[in-house]
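The exercises below each set a task and then work through it step by step. Try each task on the structure before reading its solution.

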Amino acid sequence: MASQADDDLVASKTEGYKVGEKKTVEEYAKLDQNDESLNRWKASLGIATGAPLAVTPGDTRRCVIQSLALEVEGRPDIVIDLTAPGSIEALKGKPFIIKEGAKFRMKANFKVQHDVLSGLKYLQVVKRKGIRVGKDEEMLGSYPPNTVDKPLYEKKFSQDEAPTGMMARGHYDAVSKFIDDDDHTHLKFEWSFDITKEWK
């Protein structure tokens, strides 16, 4: 039986949209080779350009989230290196501090390996005292595997503004995940943040 958190973290579906037939990078590169505009489009995606990035033997992941960061206007970024052992498990117990009314955004650095990643999305559910107070979904896009020339992708999410007032201050828990068009979850994690009157 699915939990409430799992039900909350389901990506929305566009009526009538069907995921296209899966192709390898090589198949995309060979597709309509004589079509100049299509070749420019493939080059803009990085398909058939640059030497492929080496992949750790045995690593079958298609999308590897390397780091997450909290960007706040006028303050240094708070960066979480997700490649460090235990970093994902430590997220929930070490809340981000956000001053009420502050403008902020999340940022992710990730790499794609093996094959084209289609329709990467970020889903997030925020709860306060067990009650859902927010749900966000952001389309991040489709990406070819990284190359030596482009070893990492960076995606900045939409800017948000922390709520203000005594009722808004306090502790919030969040569950987030990165998912693709095939409903494959690349990373799911719990984290938390505190809205405070002043920066601490």
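**Exercise 1. Find which side chain makes a polar contact with the side chain of Glu100.**

Solution. The model is a predicted one.
Step 1: Start from the side chain of Glu100 and go to the side chain of Arg169, with which it makes a polar contact at 3.1 Å.
Step 2: Look also at the backbone. A polar atom of the Glu100 side chain lies 2.8 Å from the backbone nitrogen of Gly165.
Step 3: Glu100 touches Ala162, Pro163, Thr164, Gly165, Arg169, Ile195, Thr196 and Lys197.

**Exercise 2. Decide whether Glu100 is buried or exposed, and state where Glu100 lies.**

Solution. 
Step 1: The relative accessibility of Glu100 is 14%.
Step 2: The cut-off for buried is under 20%.
Step 3: Glu100 therefore counts as buried, because its 14% falls under that cut-off.
Step 4: As for its place in the chain, Glu100 sits in a loop, with strand 3 (96-99) on one side and strand 4 (103-112) on the other.

**Exercise 3. Determine in which sense strand 3 and strand 10 pair, and over how many bridges.**

Solution. 
Step 1: The two strands pair in the parallel sense.
Step 2: Four bridges make up this pairing.
Step 3: For a residue to look at, take Lys99, which stands opposite Thr196 in strand 10. Thr196 is also among the residues that Glu100 touches.

**Exercise 4. Describe how strand 9 and strand 10 are joined, and how covered strand 10 is.**

Solution. 
Step 1: Strand 9 (residues 170-179) runs antiparallel to strand 10, and ten bridges join them.
Step 2: Strand 10 covers residues 185-196, and nine of its twelve residues are buried. The strand is thus mostly covered.

Terms used: Residues are numbered from 1 along each chain as its sequence is written. This is a predicted model: local features need pLDDT of at least 70, side-chain atom pairs count only at pLDDT 80 or more; totals for chains, interfaces and linings use all residues. Side-chain values use heavy atoms; hydrogens and water are left out. Buried means under 20% relative accessible area, exposed over 50%, partly exposed in between (1.4 Å probe, protein chains only). A polar contact is a pair of N or O atoms within 3.5 Å; within protein, one must be able to donate a hydrogen and the other to accept it, and residues adjacent in sequence count only if both atoms are side-chain atoms. Contact means heavy atoms within 4.5 Å. Two strands pair if DSSP finds at least two bridges between them. Lists of a residue's contacts leave out its neighbours within four places in sequence.
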